Structure formats: C-alpha cells, structure tokens
Amino acid sequence: MESTVKSRNNLVVSYITVGGIVIIVMMIFGILMLLTQGGVIDLPATSFYQFLTIHGTGMVGAAALAAAGVMWYFLSHYVNLSKKVMSINLVLFLTGVVMVIIGVFSFKYASSWTFLYPLPALSASAWGTVGALLYLFGMLILGVGFLLFYLDSGRAIIKRYGSLAKGLGWDVISGKKSEKDAPSGAVVASTMVTIVNVTALTAGATVLIMNIINVINPAITFDPLLAKNLTYAFGHIFANSIIYMGVIAVYEILPRYTNRPWKSSKAFLIAWTMSTAFTLVIYTHHLLMDSVMPNWLLIMGQVLSYANGLPVLVVTAYGALMIVYKSGIKWDIGSGLIYMSMFGWVVGVVPAIVDATIVVNHVMHNTKWVPGHFHMYMALGACAMIFGFMYFLAKEDSAIKTNIMDKIAFIAFTLSIVGLSGSFLVSGALSTPRRWATHIPEWMAPAVFGAVAGVFAVLSVTVFVIHFIRYVNKRNKVGSTKHLKEKKLA
C-alpha cells in the first residue's frame with residue numbers, strides 16, 4: 001500500500017514540478033514582451049511574435065499539466081486511476097513541448113496559440129512548412145496525451161459511480177439518493193472537467209488535423225468560420241477547465257485545515273451541472289465581432305457567459321467563506337494561497353463578463369482588456385490554487401518549513417498580479433491593442449508598469465517552486481536512505 005501511494009505521489013510531483021518550472025519560463029517571456037511594448041528594450045517584431053506564441057501556448061499547457069496533477073492526486077482517493085496513462089500523458093506532454101519549442105525558435109513559427117486557419121499555411125514567408133508542422137503536430141501530441149488522461153478519468157468515475165451523470169450527482173438532484181450519499185466535490189469537479197475537456201480536445205484535434213492537411217497540401221481548403229469555431233471551442237474550454245481542476249484543491253484542502261467537511265448539497269451539484277452545460281457553448285463570446293456568425297448564437301454566447309460566471313463561483317466562494325468562518329484555522333502559505341485564489345477568481349471574472357457584452361466586446365475585445373481579466377483569473381485564481389497545493393503537499397508529506405521568504409513571496413505575488421492585471425485593464429481602457437509588438441508613446445507607461453510587476457511575480461513564483469523542489473529533494477533523500485536501510489537488513 002505504501003509503495004502504491006509513493007508511486008502515485010511521484011507522478012503528481014513530476015506534474016507539479018514540470019508545470020511550475022515551465023510557468024516561470026513563460027512569465028519571463030511575458031516580461032520581455034511588455035518591456036518591448038514599453039520601449040525599454042528593442043526586440044525584433046519576429047521575436048516578439050515568437051515569444052507571444054510560446055507564452056500563450058506554454059502558460060496554458062503548463063498550468064493545465066499542474067492542475068491535472070492536482071485533480072489526479074485527489075480523484076485517486078475516490079476512484080482507481082491508471083498510473084500508466086498518467087505517465088504516458090507526461091511523456092507526450094514533454095514530447096509535444098519539445099516539438100513546439102523547435103518549431104517556434106528554430107523555424108520561427110509565430111501564429112500565436114490560436115493558429116487560426118489558414119495562417120499556419122499562409123505566413124507571407126514569415127515561417128515555412130516545417131515550423132508549422134512541428135508546432136501543429138506538437139500541439140496534437142499534447143492534446144492526445146490529455147485526451148487519454150480524461151478518458152481514463154471518465155472510465156474510473158463510471159466504474160465507481162455507474163455513470164458520468166451520477167458523478168455529477170444527478171441521482172441526488174433528482175431525489176433518488178440523499179445528500180449524504182452525494183459524490184465529493186473532487187469527483188463532481190473531475191466529472192465536469194472530463195466531459196468538457198473530452199469535447200474540447202476532440203474539437204482541437206479536428207482543427208489541428210485540418211490545419212496540418214492544409215499546410216501539407218494548400219489545395220485542400222476548409223471553411224474558415226468552422227475552423228475558428230473549433231479553435232475557440234478547444235482553446236476557451238481547455239483554458240477555462242484549469243480553474244475547475246484547481247478548485248478541487250479548495251474542496252479538499254480547506255476542510256483539512258478547518259476540520260469541517262465540504263458537503264455536496266443539491267445547490268452545489270446543480271451549480272456544477274449548469275457550468276458543465278454553459279462551459280461547452282460560451283466560447284462564442286470570442287466570436288462576437290464576427291458578423292457572419294448566426295445572431296442567435298452570439299446572443300446565446302453573451303447571455304450564457306453571464307450565467308456561467310456565477311453558479312460554481314458563487315457556491316465555491318460562499319462555501320470557502322463559510323468553512324473558514326469561526327473555524328479557528330491556523331493560516332499558513334498553503335491555506336493562504338488557496339483562500340486568496342477565491343479573490344482572484346471573483347475579481348478576474350468581472351471584466352470577463354463585461355467583455356462578453358456584445359456592444360462592449362466590439363470596442364474592447366481586441367485590446368489589452370482581455371489579457372487583463374485573463375491574467376487575474378489565471379494567475380491569482382487557478383495558479384494560486386496550484387501553488388497552494390504545492391505548499392500543502394510539502395507540508396503533508398515532509399518536515400520542510402516555510403520561512404520569511406515564503407511569506408514575502410505570498411504578499412509580493414498577490415500585489416504583483418493585481419498590478420500586472422491592472423496595467424492590462426488600464427491599457428484596455430486606453431484602447432491599447434493586444435498582440436501588437438509596437439506601441440505608440442501614449443500606450444507605453446502601463447506596459448512598463450506591468451513589466452515591473454511581472455518581475456516581482458516571477459521572483460515570487462520562483463520562491464514557491466524552490467520551496468517545492470526542496471521538498472522533492474528531501475523526499476528523495478529520505479526514500480534513498482530508507483531503501484539502503486532495508487537493503488542492509490535484507
């Protein structure tokens with residue numbers, strides 16, 4: 001039993017370590033882009049767009065990998081997951097990352113993460129066929145790994161609970177079972193993520209294959225609007241799912257700190273069912289400027305984007321407040337980051353809902369307003385959950401202590417992400433376009449401020465990751481010492 005737990009934890013540690021290190025590297029690329037836009041450094045436009053491509057792709061991919069580690073760690077307490085599939089996903093992730101890096105930096109591929117058809121094949125000679133194929137095949141391999149991961153999660157949930165519907169607690173919602181028999185928050189969230197991400201990754205694989213075919217043979221063409229819908233159905237859902245995987249840490253860790261159970265009430269289960277449905281269709285708020293889209297679909301995108309921002313967020317934020325209230329919780333860095341993630345999620349959703357309004361979207365969507373909400377939502381929301389899990393696991397599994405640097409890093413991380421996101425939102429209010437390598441002087445000040453905030457964010461996250469690596473090193477040393485003792489006794 002002990003070896004099984006250790007084997008399970010080793011895989012999770014690998015996911016979290018790789019994810020954390022890649023996040024730091026991607027943040028550095030982000031700072032270099034802001035310094036370029038602020039006129040502080042002179043980065044060639046070609047390099048800027050390569051950095052933009054690797055930053056978006058790598059940040060979402062690394063955060064998704066780490067969040068998948070969080071999901072797998074806690075879900076494996078309730079269902080029997082495959083360690084082999086977990087390992088295969090990690091291998092395919094690293095393989096895909098290497099291909100993407102070679103495509104971007106050796107062959108100058110720079111379409112941004114969106115790889116919107118037919119841009120991979122029509123680059124005005126900015127990059128060639130080899131670079132495009134390396135990037136597209138790398139993304140496809142990454143997607144296949146994650147698809148296997150979620151298919152295995154779905155298999156395990158169905159085997160344990162009978163169906164994905166029961167994993168969402170529909171039998172409790174319908175009254176066939178009492179609330180005390182409801183699946184845990186970890187299982188409910190994992191079921192939701194499994195459903196939406198199998199859909200997202202299928203859409204992503206489809207559009208990637210379409211692009212690959214077009215790159216190999218440009219004579220074979222596809223409907224650009226269909227390709228764009230598939231691309232955003234993949235990208236928005238997959239990126240959105242990161243916080244739904246990360247929130248499992250909230251449901252599992254806060255109860256351990258407060259000695260209070262997180263109960264799956266009917267309201268909780270209904271909220272997750274609503275978000276499952278809404279998350280699948282609200283990607284259309286990325287297409288509100290496409291006048292050729294059916295009007296009913298754009299209106300639905302606006303309305304459901306409003307609705308999607310509320311159910312799970314409300315029950316989770318309220319639940320977090322209630323479970324902590326008068327609990328006598330002893331705060332540390334792990335619990336602090338987990339709790340702070342609720343703030344990042346709530347605040348990050350507000351400008352997103354504003355941008356989902358059609359009349360606002362027509363003006364704001366191609367400005368820095370969008371990365372403003374996304375950086376708050378992703379960094380101070382989803383990533384804070386991941387970093388909180390790092391500290392939880394280190395504390396749970398070792399005697400590694402936090403120090404003054406960890407506390408300073410916690411404060412600096414919170415303030416720097418608020419500052420960085422604020423600089424993007426201010427830029428958006430000034431109508432500063434996003435994804436432009438060059439800024440006019442009137443747009444530069446917020447970019448410089450954001451770059452400075454980004455430096456403090458990188459330093460803070462580095463402290464978080466170093467703390468986790470210290471735990472990993474100590475864990476490995478303890479394991480090696482124990483193995484030698486057992487060998488001598490034998």
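Me: In this predicted model, how far apart are the mean positions of the positive and negative charges of the chain?
Reply: The chain carries 33 positive and 16 negative charges. Lys and Arg count as positive, Asp and Glu as negative, and His is not counted.

Me: Why does the radius of gyration of the chain agree with a compact globule?
Reply: The C-alpha trace spans about 65 × 50 × 45 Å along its principal axes. For 490 residues a compact globule would have a radius of gyration near 23 Å, so the chain agrees with that, its own value being 22 Å.

Me: What share of contacts between residues at least 6 apart in sequence joins residues at least 24 apart?
Reply: The secondary structure consists of 16 helices and 0 strands. A contact here means heavy atoms within 4.5 Å. Of the contacts in question, the share joining residues at least 24 apart is 84%.

Me: Which helices are included in what covers the buried residues of H9?
Reply: Helix H9 runs over residues 266-281 and reaches 24 Å from first to last C-alpha, close to the 22 Å expected. Its buried residues are Phe-268, Leu-269, Ala-271, Trp-272, Ser-275, Thr-276, Phe-278 and Thr-279. Their cover includes H6 (170-173), H7 (185-216), H8 (224-258), H10 (295-308) and H11 (311-324).

Technical notes. Residues are numbered from 1 along each chain as its sequence is written. This is a predicted model: local features need pLDDT of at least 70, side-chain atom pairs count only at pLDDT 80 or more; totals for chains, interfaces and linings use all residues. Side-chain values use heavy atoms; hydrogens and water are left out. Helices (H or I, at least four residues) and strands (E, at least two) are DSSP runs, numbered from the N terminus. The radius of gyration is taken over C-alpha atoms; the globule rule is 2.2 Å times the number of residues to the power 0.38. The place of a charge is taken as NZ of Lys, CZ of Arg, CG of Asp or CD of Glu. The expected span of a helix is 1.5 Å times one less than its number of residues. Buried means under 20% relative accessible area, exposed over 50%, partly exposed in between (1.4 Å probe, protein chains only).
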